[in-house]
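Please open the model in a viewer and keep a selection panel at hand. The stops below may be taken in the order given.

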Amino acid sequence: MQKSFSRPSGESVDVIRDVGFTLRHGEVGGFIGPSGCGKTTMLRIIAGLDRNYRGSISGGAGRRLGMVFQEPRLLPWRTVEDNVRLVAPQVSEIELSALLEVLELAPHRSHYPGELSLGLARRAALARAFAVDPDLLILDEPFVSMDDALAARLRDELALLVDRHPVTTLLVTHDVEEAARLADRLFLLAGRPTRIVAELTIPEPRNARSAEVIASIRSAVARRIAMPDQHAP
Amino acid sequence: MVRLASLVLFVGIWFVAALLAGDRMLPGPAAVLANVLGEAASGALFVNLAATLARVLLAFGLAMVAGTALGLLMGRITLADRLGDPWLVVLLNLPALVVIVLAYIWGGLTEVAGIAAVAVNKLPNTIVMVREGARALDPGLDEMARVFAMPRWKAFRHVVLPQLAPYIAAAGRSGLSLVWKIVLVVEFLGRPNGVGFEIGIAFQLFDVTRILAYALAFVAVMLVIETLLVQPLERHAARWRIRTA
């Protein structure tokens, strides 16, 4: 896959070059790279929002997509429940309740997005993405700009959901910890134009990753790419 | 309570002004009310109010639907905006009277010509407001609807329309009052009934009482529409907003 942008001066600049990968059915692929490396651009191409690229994406025809954007992107004039039901009209009451229960949204079902904190709004966006029972789930920095404790809790809830509803997932983040906890396979992005510089498979199942396992993954990642400060915005 | 006091004050000023100006120039509230009741008793009031109201609603509906469609088109498609903008400027600056007279000359003194003339007068105003709304649409929500494969009509109803609602409401608010004023001119110039027609007759007879009676009766009708229809609709559309006051 390759993507170039035109500068105002007219010259064309490649932001992504030779990025190629295949995800197995039900696999969670974690893409790690510094902010501004073109991760979101890659996701937008895969989601079909940007058709101006060279390359090919297969498995696309008729697939159902679920996506969590960097911002929650909920409809402010609809309640949490309606936001979910509008994109997932087929969702049953039982499925919906279970989903809202895991994400601690049950008491906020009939609240409007304006009444929710950012953490709750992110949860609602997650609920919406899972409710469509997607063939491909795309998560674009789902926990960015949240405090660590809250992000950790949401990450655990997300891990639980992914184990309950196995779905091929693309997770993009600049937070190594997040990717190490959630993904089955890590793809490290770096360079300019961006390409995949390393691939790491995590054999341990998600619910059995001890602090040591996470630490070893982190150092393995750090050996391969120089990441800027984790908590820089 | 404050509104009522303000209304009482208005009637009081009217009363005093009528005493000073004399019956011929400005009849008092009592005389006007008696005239309204007399017209109501003969039934003429209701026939004329109904005729005017029907024209207002038709022209208003026409202008709002067409204006919203065109405004949305121009706000979203650059080519449509470029093509339509000069026409819009012409329409915006065309005096209402010119449109009405031309409509009557080209279309004859018919109901269709009259209502079309009113609608054309309101149309550019609606287009301008809705176009502004269409330009302010959130691309993020648009992408959300596309990613989740929302059907077109559903996305329009639940994603686009609620974002346009404040702009359409503003166009409607100012539109209803604009339309009824223009309908009166249309009736004055070329319809055989309605409030404007009655005021035309009263003008020829210098009957200020009747002019005020019909004008106030119709203002009352519009006030009822405003409180019973427009305001509840606005409250419903704004139910999700956090109330700040």
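The tour begins with chain A as a whole, visits several residues there, and then turns to chain B.

This is a predicted model, in which local features need pLDDT of at least 70 and side-chain atom pairs count only at pLDDT 80 or more, while totals for chains, interfaces and linings use all residues. Residues are numbered from 1 along each chain as its sequence is written, chains are lettered from A and ligands numbered from 1 in the order in which they are written, and side-chain values use heavy atoms, with hydrogens and water left out.

**Chain A as a whole**

Of its 233 residues, 55% count as buried, where buried means under 20% relative accessible area, exposed over 50%, and partly exposed in between (1.4 Å probe, protein chains only). Chain A exposes about 10,600 Å², with carbon and sulfur atoms supplying 51% of that area; accessible areas come from the Shrake-Rupley method with a 1.4 Å probe, and for residues only the protein chains shown count as cover. Among contacts (heavy atoms within 4.5 Å) in chain A between residues at least 6 apart in sequence, 71% join residues at least 24 apart.

**Arg206(A)**

Select Arg206(A) next, in the loop between strand S8 (195–201) and helix H7 (211–224) of chain A. Is this residue buried or exposed? Arg206(A) counts as buried because its relative accessibility is 15%. Show its side chain: it reaches the backbone oxygen of Leu182(A) at 2.6 Å. The side chains of Arg206(A) and Asp184(A) are joined by a polar contact of 3.2 Å. A polar contact is a pair of N or O atoms within 3.5 Å; within protein, one must be able to donate a hydrogen and the other to accept it, and residues adjacent in sequence count only if both atoms are side-chain atoms. Leaving aside residues up to four places away in sequence, Arg206(A) touches several residues, among them Val28(A), Ala159(A), Val162(A) and Asp163(A).

Move to Glu141(A), in the loop between strand S5 (136–140) and helix H5 (148–164) of chain A. Most residues other than glycine have a negative phi. Glu141(A) has a positive phi of about 45 degrees although it is not a glycine, and it is buried, with a relative accessible area of 7%.

Then select Ala98(A), in helix H3 (residues 93–102) of chain A. At 35% relative accessibility, Ala98(A) counts as partly exposed. The C-alpha atoms of Ala98(A) and Arg123(A) are separated by 13 Å, the two residues being 25 apart along the chain.

**Chain B: helices H9 and H10**

Turn to chain B and select helix H9 (residues 195–205) together with helix H10 (residues 208–237). Two packed helices are described by the angle between their axes and the distance between the axes. The axes of H9(B) and H10(B) come within 8 Å and cross at roughly 160 degrees; axes are lines fitted to C-alpha atoms, for helices over the stretch in contact, and angles run from 0 to 180 degrees between N-to-C directions. H9(B) and H10(B) are therefore roughly antiparallel to each other (angles under 35 degrees count as roughly parallel, over 145 as roughly antiparallel, 65 to 115 as roughly perpendicular and the rest as oblique). Residues making the contact include Val195(B), Ile199(B) and Phe203(B) of H9(B), and Ile211(B), Tyr214(B) and Phe218(B) of H10(B).

Within H9(B), colour the buried residues: Val195(B), Gly196(B), Glu198(B), Ile199(B), Gly200(B) and Ala202(B). They pack against helix H3 (44–76), helix H8 (152–190) and H10 of chain B. Phe197(B), also in H9 of chain B, counts as partly exposed at 27% relative accessibility. Not counting residues up to four places away in sequence, Phe197(B) touches Glu187(B), Phe188(B), Arg191(B) and Pro192(B). After H9(B) comes Phe206(B), whose phi is positive, near 55 degrees.

**Chain B: helices H6 and H8**

Finally, select helix H6 (residues 111–135) of chain B with H8(B): they pack at an angle of about 160 degrees, their axes 9 Å apart. That makes H6(B) roughly antiparallel to H8(B). Among the residues that meet here are Val118(B) and Met129(B) in H6(B), and Leu164(B) and Leu178(B) in H8(B).

Notes
Helices (H or I, at least four residues) and strands (E, at least two) are DSSP runs, numbered from the N terminus.
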